[in-house]
Amino acid sequence: MFNITVGLIGASSTKTGTLASREIAIGRDPTNDLVLDNGSVSRTHCRLVAIEGAAIVLDEGSKNGTWLNGKPVAHPAVLKFEDELVIGPYLLRVQSLVGRGTAAEQELGVRPHPLPSEESDDSQENTVLSRSLSTLEERRQALRWLMREPVSNPRFNEVLRAALKDSDIEVRMTAVLAAAKLRARDVLPALQSSDLPTLLQEVDDPRERRFHEALWHGVIRYLQERRHPGDSVPGRDPLQPLWRLLAGDLAVTDPASLLLHSLTTPLEAGRRPQQLPPGVVQQNGRFYLERSGLPLRWIAPVKHWLGANPVRQVMSPGFFVAQVPVDRPVAKWVGNPLPIRVAPDHEQVWLGSFKEAEQLCAELSRIENAHIRLPSADEWEMAARGTDGRRYPWGNLPQEDWEECASPWGVEYLVGDVPEWTFEPETETQLLRGGVEARTWVRHPVYPGEEEFAAALRPIIPGV
């Protein structure tokens, strides 16, 4: 069910109330669950589907479009509490109340929009990720939220059929697994006719490519035969992680099980910092170093999957990380810290040694009056990987413009030409991360006596 606030754009008065159905239609036709009587609204304009912890918005081919945070809804999208949904002249704020024991359906009553200080804890959690995810990532996440439903329904089947034709390989692969988890046998023809195996030729590693192709064939066989997930085949079954996933007892222990976890589990949000450390300021919901204006991202204190083989789960301590590495304007500003903030150009500074990176952190700490240091290897991986254990900052499969893609936390330029300095606190080992190595878990140690390496600096500020 949904708690919905509706108001005309620019108007101060709004109406708020609860609609008890888990799927509601919105439009100007009186048969809709929520009627918006305006000529700019289509007869059935869009639908909302409530799932555990979130909601999905689907446009119904409306004439004027459904707009989410200023962008048209071209694909199923995850809708969060603080998001703005625009339908014609109406502005809606929607909160899914599934599983929260809400009261029965109520008439919409009038009350003003909540101020930011009045927002619930849930909206604070969602805000951490909502401003970081691209439209493509939101399509992937929408499918992963759908997998939390116990079974499919005709409306979900339409979503899956559309996703199986998506231009993104990972959206398609996620739809394949969603069809299996939701036991959506009605989408089997679309699954069988998909050209996914052809698209998977873009996967460089032959073993990974074969595993994805095996998943595709395995889901088809599962839906055809209605095979029980607990069944096994003689010998070593490479799809054992898939059967465990469908049986509900997948243990994340190796790269195969981690991949399935990442493709089927929504990103976990986290709470915003309760207090800002010295030197960090907030403006319009974003964080910066106070004097230089270096943009920061908050890595919330939630569990992250790290490593590949073995895989381990580590709790983030909660920290701020530079959204982009220290570039030439910032480095020049450190030498002459003027009162005005820096205009970044994203040309990373190549630092010739770990010691040089530490010295730059110390200078920046002194100027900003903040505790600024190099990231540990785990902290760098948390910032790059998000909470779902993805293979690359952008996801798990090839993607266009991957060098420009941010991580789920909104951290940018993690891979490309320049690696970044990190360290291992327990062994005091210097480590290079990122650069031409796009896999999020790979660590390149720099041992004493080796030639010095040129790498970039992405500082962090511990949380309070």
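Glu420 and Arg458 are both buried, and their side chains meet in a salt bridge. The two sit in distant parts of the chain, 38 residues apart: Glu420 in strand E19, and Arg458 in the loop between strand E21 (444-446) and strand E22 (460-462). Keep in mind that this is a predicted model.

Salt bridges come to 24 here. Here are some of them, with the N to O distance for each pair.

| Pair | N to O distance |
|---|---|
| Glu420 and Arg458 | 2.8 Å |
| Arg391 and Glu208 | 2.4 Å |
| Glu60 and Arg47 | 2.8 Å |

Glu60 lies in the loop between strand E6 (54-59) and strand E7 (66-68), and Arg47 in strand E5 (residues 46-51), so this pair ties together parts 13 residues apart in sequence. Glu60 is partly exposed, at 27% relative accessible area, and Arg47 is partly exposed too, at 26%.

Now for Arg391 and Glu208, which form a salt bridge. Arg391 is in the loop between H12 and E19 and Glu208 in helix H7 (residues 206-225), so the pair ties together parts 183 residues apart in sequence. Both residues, Arg391 and Glu208, are buried.

The loop between helix H12 (377-385) and strand E19 (419-424) also holds Glu400. With 69% relative accessibility, Glu400 counts as exposed.

Leaving aside neighbours within four places in sequence, Gly416 is in contact with Glu403, Gly435 and Val436. The C-alpha atoms of Gly416 and Gly435 are separated by 4.6 Å, though the two are 19 residues apart along the chain.

Technical notes:
Residues numbered from 1 in each chain as written. Predicted model: local features only at pLDDT ≥ 70, side-chain atom pairs only at ≥ 80, totals over all residues. Heavy atoms only, no water. Helix = DSSP H or I, 4+ residues; strand = E, 2+ residues; numbered from the N terminus. Buried < 20%, exposed > 50% of the residue type's maximum accessible area, 1.4 Å probe, protein only. Contact = heavy atoms within 4.5 Å. Salt bridge = Lys/Arg side-chain N within 4 Å of Asp/Glu carboxyl O.
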